[in-house]
Amino acid sequence: MTSAVTSQRTKDSGITNRLAVLVVGVILSVFLWWFFGGLGFWVLPGFAVIFISIGEILYKALLRNVSERSATLRAGIMTFFVGVALYVSVATQVMLAYIQMISLIVIALGVIGAAAGMFLRSKQ
Amino acid sequence: MNGTRGIKMAVLASMIIVLLTFSMFPLHDPSSGTQSTTYIIPMEDWIQNSDVNAIRLVNTLLEANVSVYWALNSFSAGGNTYPAGTFYIPTPFTAMNGLSSNDLMNWFLYQAKLNGVWRVDTTTDNFSVNSKKLVLPRIALFYDTTTYDNALVNYETLEKMGFKVTLANALDLYSKAWNETGSVLSQSNVFIMPGGALHLYAFPYANMTQGINNIDEFVANGGGFLSICAGSTEALAGSPYTNLGLVNASYYSNWFVYSSPDQGDWDWRTLIGPIYLNVTQPNNPVMFGYGQSAVRPGYGPMPTMYYYGGPAFTNVSSGVTVLATYGAPVTQKATAKVSDIWGAPAILETNYGRGKVVTFGPHPEWPAGGDPGARMYAQALYYIASIPKPDPLLPSPSTTLSAGAISDHVNAITSTVAQIKPVLDDITRTANEIVNMRVGDHYNPIGLWYDQVLQEYSQAMYGQLNTIQTDAVKLQYEYAQLEALKGMVQNNPQMESLITYSQEMISKFFNYTANLPLDPMIIPSTDWTGMGPFANFTVADEATTFGQLTQLFVRVDNETNSVLLPFAKSYEPLYNEFNTLYEENLTSFTPSINATLASLYMNITESYPAAGPLYKGMDTFEHTLDIVQYKIDEDLLNIQTLGDRTMEIVSQNNYALAMAVGPFGYASAQIQAALAYPEGAILSGS
């Protein structure tokens, strides 16, 4: 009982930390958006922080009721959100279309990895 | 457990929906819509914008026949206030090759982000401000004996700012009338006389008058004239030497005359180096952004500019405007003879007939393309350019090469560069060795000087070869990408024409490297100094292809090692003897030392007909430098210019094609070309 409560509190503090990082990512993205003038590949560092933080929060939220960790699930979610960050960053530069295509592949790999992590048994 | 499974399914489903949405509805660059938008480039936002890079981007728009305006007064728009000197581009418009303003300005904004121009404001406000609609300067740059490395540095500065330059020699200027079809001046609207020496003496005596008349008529009929340093002295009607008579002013010419034939011209050399300029007309377009109210660091209250023996103007008539004066030294300790420089006019502006003239005493082009003079140089060009001229670099139809032919050219260029580089390395090392002897000191009247010119050229050519090779590899990739796009635009004539145009331009670049024009400069085997004889240089020795340049580099390497280095070594003891005596004379003057020093100086600097060691040395170096300047580097610079223009056109057209085929189509073409030419893909980076 005590260890379960401790575990839950640990998870809650982890989510809190990730929320703080998310806020940092938002601030960074807003600054980059303002300084370089709009949405573009230059906002990638900020978006990467935001979306990876979202991925971490989502992963920890998914584990609230699950005692098993899954490295595959975590890797899949992270890969997915890295791909989303990349896609959104370059989406308004058609000259970087090849990066847009690469980001879709990364997103797809993330989906596959997440699915594998969800439905295949794996332990950390 | 079922709840957990449900959550997992929901998350997975969401991820799949995101993937499908991105795949089926790809995002791309926004449209500006139907509302008229004006794009404004804040030139004084020094944190977010590089002004030099902004000028380069403005020139790419001007090359594409876009109307760009230069505000001559401050104005307000979109809630911001902009100072005079701001550039703005109203839309909509249709540019060269039918490019829409939406496509071209999105391309422009993307290039701006890559090139340190991070702030471009947009507004839909209607505003009115006194402006000049910019005319792209089509520049003829004097490139002949007497320009030495000055023309090279001018080219580099202009190239960095996106100005395309036609190199003009004396023959170009006197052999055809200024307005004769095919003459350099008829294709240009600005003529630049760089520094170095008195350039009118590069003309054969019998043709000097014709050359002067052509330049004068060119300016009188609306052409712009810009001159720097020694070039500026020749614009002055009050010059004691042969001059163009464009500006009613004189200069302190006595500074450059020996007070005594055995003493040397030490005085003006005490001024060499950066000096502070006092901007007297900050509201003149040439001076926008400079002076007391300057915002950019280094542009005020007194910007610096490099002085190297240029004119300090005098007797400036009322019809001539003084834009700046020589304000104060940075490190110089001027001798009494030249102390009048402080407060003397340094930059002048006037009209001559229907043309405008700007004359610089110091050098706005040094350092090459850098702060703080480059923008002033560009503004002077924009100010004096008034007659639109067509682009001389446009492609010729029916010269399109096949992919295989392009590969052959790329291989030839790559292998040639690989052969040249070790030879050029040796030339540079030898030039460095000569320079390190310190017998070429510019502060010393008996300094050889040309050793540093050789060093500068050799270092510059290394960069030029790299640029040409990189351009060749990139253009091979771009050509393949265009081939891949052809199948995607079969029912779109405009897009097909863009592909054809780009491929013609790429072909023109490679065809030029295989058909280099001959320069008319004669390289003699002997001259009046009695040095040599050098190996004969005949038409057969000329390079007509890029690959043939290798042998010219070998020739220069041989001359540098077998003639120039031994001469410098033989000159070194004499140079050191003179300097030792000179120092002794300064510290403990005696009539006998002074007499010995004077006699030694006369022997070293003896001129025509029996040349002393100084002239022997300078003319010996000039022989090799003539081969470098006219038989090698002129070709490299022209190839580089053509490469720059080709890359601009291909890049602009690529954007329109990408928007037409969509990001997935364009990515497909990029990947196909990258698989065939990965090095070009990496270098290109879109």
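This is a predicted model: local features need pLDDT of at least 70, side-chain atom pairs count only at pLDDT 80 or more; totals for chains, interfaces and linings use all residues.

Residues are numbered from 1 along each chain as its sequence is written, chains are lettered from A and ligands numbered from 1 in the order in which they are written, and side-chain values use heavy atoms, leaving out hydrogens and water.

Begin where chain B meets chain A: 37 residues from chain B and 35 residues from chain A take part in the contact (heavy atoms within 4.5 Å). Together the two chains bury about 3,200 Å², with 80% of it on carbon and sulfur atoms; buried area is the accessible area (1.4 Å probe) lost on putting two parts together, summed over both. Of the area that chain B buries against chain A, B:Lys8, B:Met15 and B:Phe22 supply 19%, more than any other three residues.

Which helices of chain B each supply at least two residues of the side that touches chain A? They are H1, helix H3 (101-114) and helix H14 (613-676), helices being DSSP runs of H or I with at least four residues, numbered from the N terminus. H1(B) gives the most, with 13 residues.

Now stay with H1 (residues 2-24) of chain B, where B:Ile16 is found. B:Ile16 is partly exposed, at a relative accessible area of 35% (between the limits of under 20% for buried and over 50% for exposed, with a 1.4 Å probe and protein chains only).
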